[in-house]
Each structure stands twice: as C-alpha cells, then as structure tokens.
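Biologist: I am new to this structure and should like to understand the reasoning behind the terms used for it. May I put some questions to you as we look at it?

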Amino acid sequence: MPVTSMATVVTPGDPFAHWHALTCRSYSVTECRAVPDRQFRARVSIGALGPLTVSDIASTVTGEEPIRVTRGPADIRRDGRDDFMIWQALAGDTAFAQGGRRVRMRRGDILLHDQAQPFALQFGRHSHAMMLTVPRPLLLARLDGAAGLVARPVAGSSRLGALAADLMRDLLRLADGAEEVSARKVGVSALDILATALAAELAGSAATATGSQRLQRAQRYMLARLGEQGLDVEAVARAQNMSARSLNRLFAQAGETPIRWLWRQRLAASYRALAEGAADRITDIALAHGFGDVSHFSRAFKAAYGVPPQAVRRSGGRAPVASPPADR
C-alpha cells in the first residue's frame, strides 16, 4: 500500500529567489522584497493527507529587515487559488494581517488565513510554523462563516486550542510515513475537529449578521435536509414557524437568499463527498445532495469550482498547482 512522505522542497543554502518561487508555486502568487542570499536560510517541507496539504516552514534572516510577503487584489486576480490555510506557530516570530486585523502569533496559537482575501505575512529573524492547506469547499462545508474568522488567533492555552494544536502537530508527523489510506482518513477527521475548535473559539466573537439565532436555526434545518429535492423557501419557513418573507429578510441581513445559500451548501457538501471518496458514482453523490439532474449538477459544479466533479474525485480534492511568476 502506498506510503505518504514529506518532501523537502527548500533546504538551507537555497537562494531566496528559489524560496519565493517555490512558495508561489505551492501556495499562492505573492509579492516579496528580495532578501540577500547571504542573510537568508530557510527550509520548507510539504506532505499530503488526502485532500489536505501539510507544510513545515522555517526561516532565518540575519539582516535588519524581516521577510514581508503580501498578496493583493492584482495577485488574486491572476492566481485564482482560494484555499484556506490553518497556521500554528511553533517557534520564533511570525505576524499575520488580514481583514483589517494584525496579530503576532505566539507559540501554539492557531490562526485561519484565506487565500482569496488580501493579506500580509511577516517572518522575523527566526520563524518556525506549520500550516495546513484546506480546499475552500471542504472548510466551508464544515464552517460556513470561515471567511469572516481570519486573523483571529485561537490561543494554544485554551482547552480546545490545546487539543487542536496537538492534533496539528500529530498530522505533521503522520504526513511522513503513514499509509496513504490511513493518512487520508485521519486528515479528514482532523479537519472536523479543527473546524469545531475554530467555530467554538471564534464564531461567538465575530460580529456578523449570521449571529442571529433564528438564522442559524433555519440554516441547521436546511443543512440536515440537503438531499430533499423539494426543499424550498415556503417549506423551510413553515418548519421555522415564520413567513417566507421573514425568512428572506433573515438571509438578506447576511447578504444571501435562502435558495442561493442552500445551493452553495449542496455544492460544498458534494465537493466534500467527492474529495473524501464517499461514493463511487457521480450520480449517487448528485442525488444524495438534492440534485435531480446530473448534467445540471455537473455544470453548476464546474461553474462554482472551475473543474468538473470527476476531476475532484480523481485528485482527492487537491487543487492543481499553478506556475510561479517570473523571479524579480
């Protein structure tokens, strides 16, 4: 049976330009002011756990300037990758800014990072962190409000934070030497726990319209019935003892409509099922998630994710690797 292994793709002694090109190719296109090679040492190791990618990232700079990596709107437009990253600081000095918040990560802290939003990363004189790359649909299927929880650290000293931090470090060890099937199952299960920790620690502190208890009850009702093809606004409203107009107003406060939200959840759950190998046939997955027309499902899926359902099943949910930009 195939065994997973970590690949060291940047080693101490590699030039800065190689480090930047490699990180652009492996994660996302970014801008970064060059650091003289004589002042720079880094190591990057990458492994796979089913649809997740785990990375061990360390760097040292001896000059006065830290490494500053930014990703702006222009970078996002030319590089469509939109994965979420879950970071854990292991040692040293790492800072992150996104969504109007800036945080300096302490050892053991866990933090959510969205590649689809502009961000800035700063690595100090010494930085050591691990990172899980999670395909966007897989996290949103577990934590719908993830995009609003970026740059809000979960303290490693909290009960759930400590559990999540330990679990992430275990995943880093598991990615080097575990059987592929076992690693895939553990990675998917770990994502359930990490999403729960992020939701429990952060969702209550995020001031978003989805904090409405009535909206959350309606969403839970709909999530439990994704496979019901006849589910519509009137049926949901009746079950929640409200009018269809009131239900539409609740969703409008979060910038959604009930049906558009339901459609997105069905697609996200289908992506999750495909990536995690929940069924052998595309038809079975489409029908299980409320799609009566498989051709329509395939078109909607490709429009949402840029690839057909078959491609996700073959790749295990991992996004294709983009070409790096030319070195500056």
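Modeller: In this predicted model, helix H6 passes helix H9 in a right-handed crossing. The contact involves Gln 219, Met 222 and Leu 223 on the H6 side, and Pro 258, Trp 261, Leu 262 and Gln 265 on the H9 side.

Biologist: Why are H9 and H11 called roughly perpendicular?

Modeller: The axes of H9 and H11 (residues 294-305) cross at roughly 90° and come within 11 Å. The range for roughly perpendicular is 65 to 115 degrees, so the term applies to H9 and H11. From H9, the contact includes Trp 263, Leu 267 and Tyr 271; from H11, Phe 297, Ala 300 and Phe 301 are among the residues that take part. By class, the contact of H9 with H11 divides into 10 nonpolar, two polar and no charged residues.

Biologist: Why is Ala 151 called buried?

Modeller: Buried means under 20% relative accessible area. Ala 151 has 4%, and is therefore buried. Ala 151 lies in the loop between helix H3 (136-140) and helix H4 (159-174), and has a positive phi of about 55° although it is not a glycine.

Biologist: Is Asn 241 buried or exposed, and how do you know that?

Modeller: The relative accessible area of Asn 241 is 73%, and exposed means over 50%, so Asn 241 is exposed. Asn 241 sits in the loop between helix H7 (233-239) and helix H8 (244-253). Phi of Asn 241 is also positive, near 55°, in a residue other than glycine.

Biologist: What is the confidence in the protein chain by pLDDT?

Modeller: The average pLDDT is 87, and 92% of the residues score at least 70. Over residues 206-211, however, the pLDDT is below 50, and residues 320-328 are also below 50. Where pLDDT is low, the predicted coordinates should not be read in detail.

Note on methods:
Residues are numbered from 1 along each chain as its sequence is written. This is a predicted model: local features need pLDDT of at least 70, side-chain atom pairs count only at pLDDT 80 or more; totals for chains, interfaces and linings use all residues. Side-chain values use heavy atoms; hydrogens and water are left out. A crossing is left-handed if the near helix is turned anticlockwise from the far one by less than a right angle, and right-handed if clockwise. Helices (H or I, at least four residues) and strands (E, at least two) are DSSP runs, numbered from the N terminus. Contact means heavy atoms within 4.5 Å. pLDDT is the predictor's confidence in each residue, from 0 to 100. Axes are lines fitted to C-alpha atoms, for helices over the stretch in contact, and angles run from 0 to 180 degrees between N-to-C directions. Angles under 35 degrees count as roughly parallel, over 145 as roughly antiparallel, 65 to 115 as roughly perpendicular and the rest as oblique. Ala, Val, Leu, Ile, Met, Phe, Trp, Tyr, Cys and Pro count as nonpolar, Asp, Glu, Lys and Arg as charged, and the others, Gly among them, as polar. Buried means under 20% relative accessible area, exposed over 50%, partly exposed in between (1.4 Å probe, protein chains only).
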